[in-house]
Amino acid sequence: MNKINTITILLVACLFLNCKHTEGEYHSLIEKIEAESKTFHDTIMSSEAYIGDIETIEITEGGHTFLIPERKGQITSYACIECHSKPLAEMQNATLGPKAHWDIEVVHANEDAMNCATCHNLDDMNHLKSLTGREIDFNRSYKLCSQCHTSQFEDWKGGAHGKNIGGWTKPRAAMTCVNCHNPHRPQIESKWPERYNTQKARERE
């Protein structure tokens, strides 16, 4: 037996003899994931219980298929044309009639770049409209946001931006832009946590 083979055998023997591996301990993170994931083989995992009674629709964007909350059913005064039955200028100048949301202040972009007509279709108030004038359904309002917020949209499609409902198990369900951001005032204001988590604070020490 040559010197190299002898050294190799001794090294392998040392590894096995000095190994402190016991049940529940692993040599690497990959080994741990592979071992512990065996528990879930043949187990059906689903996020449906977390979705609860949220009405959802299925969309496919960028190769990702997932569920989002249905929007139009949550808008109190939809369909919009029930009130918006006349041209907007005529309704704004009228002395009578409801003016439910004409006091909304748009704090979204420079007023020279954005107003109500930037997003709302004045010819058909039941739809939003793209910057090129194409109709956008209220249930897919994220398509409107994605025109300017391209990096956030890419992250959202993959699950890195926004809130997932129920985690990563199938069916994947995610909130849309308007579920977390007010479209007229999208910046989320800073706030203190509702409760100081002493357990997490101790774990970080």
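I began with Glu154, which is partly exposed at a relative accessible area of 48%. The model is predicted, and I read each value below with that in mind. I found a salt bridge between Glu154 and Lys157, with the closest N and O atoms 3.0 Å apart. Lys157 is buried, at a relative accessible area of 10%. Both residues sit in helix α7 (residues 150-158). They are three residues apart, so about one helical turn separates them.

Next I asked which side chain meets Lys143 in a salt bridge. I found Glu61, at 2.9 Å from N to O. This pair links distant parts of the chain, 82 residues apart. Lys143 belongs to helix α6 (residues 142-145), and Glu61 belongs to strand β1 (residues 56-61). I then checked accessibility. Glu61 has a relative accessible area of 11%, under the 20% cut-off, so I list Glu61 as buried. Lys143 is partly exposed, at 35%.

I turned to Arg185 and Glu105. Their side chains meet in a salt bridge at 3.6 Å, N to O. I placed Arg185 in the loop between α8 (177-180) and α9 (198-204). Glu105 lies in the loop between α4 (88-93) and α5 (116-119). The pair therefore ties together parts that are 80 residues apart in sequence. Is Glu105 buried or exposed? I noted 53% relative accessibility for Glu105, over the 50% cut-off, so Glu105 counts as exposed. Arg185, at 40%, counts as partly exposed.

Last, I took down the total: four salt bridges.

Methods:
Residues are numbered from 1 along each chain as its sequence is written. This is a predicted model: local features need pLDDT of at least 70, side-chain atom pairs count only at pLDDT 80 or more; totals for chains, interfaces and linings use all residues. Side-chain values use heavy atoms; hydrogens and water are left out. Helices (H or I, at least four residues) and strands (E, at least two) are DSSP runs, numbered from the N terminus. Buried means under 20% relative accessible area, exposed over 50%, partly exposed in between (1.4 Å probe, protein chains only).
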